[in-house]
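Subject: Structure for you to look at

Hello,

Here is the structure I said I would pass on. Please open it first, then read the notes below next to it.

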Amino acid sequence: MRLRYACTCSSCGSALSAGTTADYDRVSKTVACVTCPASVPPDQTQMVVPHAVVDQTTETVTTDAVRPGPEVDKVPVLGVVDGQGGASAAAEYKRRHDARQERVLAKHPRMGRFLLAVFDDPQSTRAWSVGAEGERMLGGMLASMAGDSLRVLHDRLIPRTRANIDHLVVCPNGVFVVDAKRYRNARPALRVEGGLLRPRTESLTVGGRDRTTLAAGMQKQVALVRAALAERPEVPVRGVLCFVDADWPLLGGAFTVNDVAVMWPKKLKAVLTEPGPLDEAQIADLQWQLHEAFPRQKQTPLGE
């Protein structure tokens, strides 16, 4: 495998830099030079993965690894949280808001400021601000849960498109593709039609309106993530629509529509903390794979 971090050969003790091809033993979690004789028994030296903390505002990376030395500071690392939730949606809102202001002021030099003060942005523009706030709220919860056994990637670019994935979470029980939705005081519900005499169909409604397209969009995102992890078919990949500020019933409420889970933030938190087969090393490796497949969006959040 190609090393993502600088470490030490468990057989000969040689320093191995990031990007070097080496043998990795998943059982003992050690690495060795590909040129080391197979007969040499490994010692107790294990690969040391530098712990990193990412300041989400300045995107500054710091490391506190003890081994192999100062060269570790030159190795690009990911923190347990990478990116900032809602940054792309906030930037799109600001772009639309500023463009509207410029149009109004250019068309109405004298009355433009008055019109802008009296009339709000159109709903299609405000929706980006509402969505950004929902992503930030959910992103804050996920960041508070993050650690070596639960890693989060926010606001990931889908290559060759302008679309993004809100949140990717890697935890012991798999990879979760999470889309934050903010429909205030509206209740998500499952509608099932057909069955005995005609095919069964499932649809998602929010506040009584059909929103099945949200589930269809999540299915596409899940398919892209599964394709990115094609070499790891044993890793479960699940899609979640997480509704923030929705009107949920006191009992029950969570459901699945067309293989997409629909729930609220606290329910999602409980699901993500369930035990699973993935260890910390596997979780860190999966986070790197996803980071390479879906890089961080380069956007400036609203208010900066």
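In which sense do β8 and β9 pair, and over how many bridges? They pair in the antiparallel sense, over six bridges. Before you go further, keep in mind that this is a predicted model.

Overall picture

The protein has 304 residues, and buried residues make up 41% of them. Its secondary structure comes to six helices and 16 strands. Among the contacts with a separation of 6 or more, 60% are between residues 24 or more positions apart. The protein exposes about 16,700 Å², and carbon and sulfur atoms supply 53% of that area.

Start with strand β8, residues 151-157. Six of its seven residues are buried, and the strand is mostly covered. Strand β7, which is residues 81-82, pairs with β8 in the parallel sense over two bridges. In that pairing, Val 81 stands opposite Val 152 of β8.

The other partner to look at is β9, and here Leu 153 has Leu 168 as its bridge partner. β8 and β9 form a hairpin with six residues between them. In the turn, Arg 160 has a positive phi of about 65°.

Now follow the chain on. Strand β9 covers residues 164-171, and five bridges join it to β10 in an antiparallel arrangement. His 167 has Val 178 of β10 as its bridge partner. These two strands also form a hairpin, with two residues between them.

How well is β10 covered? Nine of the nine residues of this strand (residues 174-182) are buried, so β10 is largely enclosed by the rest of the structure. β10 also pairs with strand β14, residues 237-244, in the parallel sense over eight bridges. There, Ala 180 stands opposite Cys 242 in β14.

Where is Gln 221 found? It is in helix α4, residues 212-228. Is Gln 221 buried or exposed? Its relative accessible area is 10%, so Gln 221 is buried, as the cut-off for buried is under 20%. Leaving out residues up to four places away in sequence, Gln 221 touches Asn 164, Ile 165, Val 177 and Asp 179.

Lys 94 is a helix residue too, placed in helix α1 (residues 87-107). With a relative accessible area of 35%, Lys 94 is partly exposed. Lys 94 and Thr 125 are 31 residues apart in sequence, and their C-alpha atoms are 8.8 Å apart in space.

Salt bridges

How many salt bridges does the count come to? The count comes to nine. Here are some of them, with the cover of each residue.

- Arg 151 and Asp 148: their side chains meet in a salt bridge, at 3.6 Å from N to O. Arg 151 is buried, at 8% relative accessible area, whereas Asp 148 is partly exposed at 33%.
- Lys 181 and Asp 179: the closest N and O atoms of this salt bridge are 3.5 Å apart. Lys 181 counts as buried at 19% relative accessibility, and Asp 179 is buried with a relative accessible area of 9%.
- Glu 234 and Arg 232: their side chains meet at 3.1 Å, N to O. Glu 234 is exposed, with a relative accessible area of 53%, while Arg 232 is buried at 8%.

Why does Lys 181 count as buried? Its relative accessibility is 19%, and buried means under 20%.

Last, Asp 82, Arg 156 and Arg 296 are linked in a network of salt bridges. You can find these three residues in the model and look at how they are placed.

Best wishes

Note on methods:
Residues are numbered from 1 along each chain as its sequence is written. This is a predicted model: local features need pLDDT of at least 70, side-chain atom pairs count only at pLDDT 80 or more; totals for chains, interfaces and linings use all residues. Side-chain values use heavy atoms; hydrogens and water are left out. Helices (H or I, at least four residues) and strands (E, at least two) are DSSP runs, numbered from the N terminus. Buried means under 20% relative accessible area, exposed over 50%, partly exposed in between (1.4 Å probe, protein chains only). Contact means heavy atoms within 4.5 Å. Two strands pair if DSSP finds at least two bridges between them. A salt bridge is a side-chain nitrogen of Lys or Arg within 4 Å of a carboxyl oxygen of Asp or Glu. Accessible areas come from the Shrake-Rupley method with a 1.4 Å probe; for residues, only the protein chains shown count as cover.
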